[in-house]
Amino acid sequence: MAVALSGCASMAPPHATPPPPVPDHWLGYVAADASGANAAELSWQAYFRDPGLQRLIETALVNNRDLRVAALRAEEARAAFRIQRADQFPGFGIDAQSARARVPGDLSATGQSVVAGEYRAEVGLSSWELDLWGRVRNLKESALQSWLATDAGRRAAELALIGQVGDGYLGLRELDERVALARRTVQTREESYRIFSRRHEVGATSKLELTQVQTLLTQAQALLAQLELARAHQLHALGQLLGTHPGALPEATPFDETLMLAELTPGLPSAVLASRPDVAAAEHLLRGANANIGAARAAFFPRIALTGSWGSASAELDGLFESGSRTWTFIPTLSLPIFDGGRLRASLALTEARRHIAVAEYEKTVQTAFREIADALAARRWLAEQLQIAQTTLEAQSERTRLAQLRYDAGSATYLEVLDAQRDLLAAEQQLVQARRAVLSSQVALYTTLGGGSAAPSSNQ
């Protein structure tokens, strides 16, 4: 009967997920993109095709310290939930006691001093609350939702780490490409400077043209030094994400869209937002806030606790388990608050205010998630167009440089025209690599913002 009564009622308000304060369609989304894969059902191993990147992600999932802390936070919340859940059940313990005492004669009924002993062996029931109003159950529910929210936060940290490693790897690959272009340019311009130096020595070219060639060379050398520094910084940042030095990177695959799947479909906002771990964490916190309200409401009602013991007691040790030595106690306790200076009402107001905060934070999380996905969709569309423009620009600059060189060789133009064309060609080559990296980074961002791999059957997340 006591166990049945302990689960009679709950004072928690019913949970209702607030309607998402976002449109029911993606802003700027082109319907023709619907042929792509579902990001939630696609594991990161299937999305990121580059073997080197896969190895780096695996290393980061094992060694990253932030992710390790997130996993330990989840374990901490799980232990706290198990502690709170234990309050629902009665606790039993075995107690053995031995005591001897001497009573002086002037305190004894016989006028003689007495030495007495007492021996006890009991099985006791600790103070166990009959949860008539659901206070203990709601506290357990609150701890459960806190654990689930923390675990969802761990999954969000994993997904964010995968995206950061992917973007960091792309940044490193971009800088590798740009460094290689700059080195080739430096080698070409060093050869040009050598040729012009010989021409100047024999009087075949002017000092002005020689200084122009030298200026072009120093500009390329300065760019190479800047790119080498940026690459070193990028490598260090990637090592911090991995939690260890990345070591020698394997031979790189082509730096283009084949590094990962190019097309993903966003689906409906309601389904996509629900699959994101950060939105799931916010909803768990909202459920926990409702449970805390139930516990605060139950505190206004009488609280019944049971304490008891059963065992054997005797004045002599050898008579402890003999017939007639049985002893038991049963102590039900009823407590009802009458005056507490407004503490209980303030506690209820506090939990209600925290629930309103949880609702606002849930709505903000949904809005932030919607914006991130909309931004990623827009980036996928417009960065691809920028990449096409950069490719066209490079083709035009290459042709301009060829024609400028022909005009100079024919004596129809000064070397300044060649100088400008070569300078613009180097800038166009660098911009094309940057545009390609931006497109790939937008694909990484789209995968992570869509909750990539959250519904994959065999994902390491």
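This is a predicted model: local features need pLDDT of at least 70, side-chain atom pairs count only at pLDDT 80 or more; totals for chains, interfaces and linings use all residues.
Two strands are taken to pair if DSSP finds at least two bridges between them.

| Strand pair | Sense | Bridges |
|---|---|---|
| Strand 2 (residues 92-103) and strand 3 (residues 114-130) | antiparallel | 12 bridges |
| Strand 3 and strand 5 (residues 303-314) | antiparallel | 10 bridges |

Turning to the helices, two packed helices are described by the angle between their axes and the distance between the axes. Helix 3 (residues 51-63) and helix 6 (residues 207-242) have axes that come within 7 Å and cross at roughly 55 degrees, which makes helix 3 oblique to helix 6. On the side of helix 3 the contact is made by Leu56, Thr59, Ala60 and Asn63, and on the side of helix 6 by Leu238, Leu241 and Leu242. Sorted by class, this contact of helix 3 with helix 6 comprises 5 nonpolar and 2 polar residues, with no charged residues.

The structure also holds 2 cavities of 30 Å³ or more, and the largest cavity has a volume of about 50 Å³. The lining of the largest cavity is formed by Glu129, Leu130, Asp131, Leu132, Trp133, Gly134 and Arg135, together with Ala298, Ala299, Phe301, Pro302 and Arg303. By class, the residues of this lining divide into 7 nonpolar, 1 polar and 4 charged.

Conventions
Residues are numbered from 1 along each chain as its sequence is written. Side-chain values use heavy atoms; hydrogens and water are left out. On a 1 Å grid over the protein atoms alone, a cavity is a set of points where a 1.4 Å probe fits but cannot get out, and a pocket is an open set with protein on both sides within 12 Å along at least five of seven lines; lining residues have an atom within 4 Å of a point. Grid points are joined across faces, edges and corners, and a volume is the space filled by probe spheres set on the points. Ala, Val, Leu, Ile, Met, Phe, Trp, Tyr, Cys and Pro count as nonpolar, Asp, Glu, Lys and Arg as charged, and the others, Gly among them, as polar. Axes are lines fitted to C-alpha atoms, for helices over the stretch in contact, and angles run from 0 to 180 degrees between N-to-C directions. Helices (H or I, at least four residues) and strands (E, at least two) are DSSP runs, numbered from the N terminus. Angles under 35 degrees count as roughly parallel, over 145 as roughly antiparallel, 65 to 115 as roughly perpendicular and the rest as oblique. Contact means heavy atoms within 4.5 Å.
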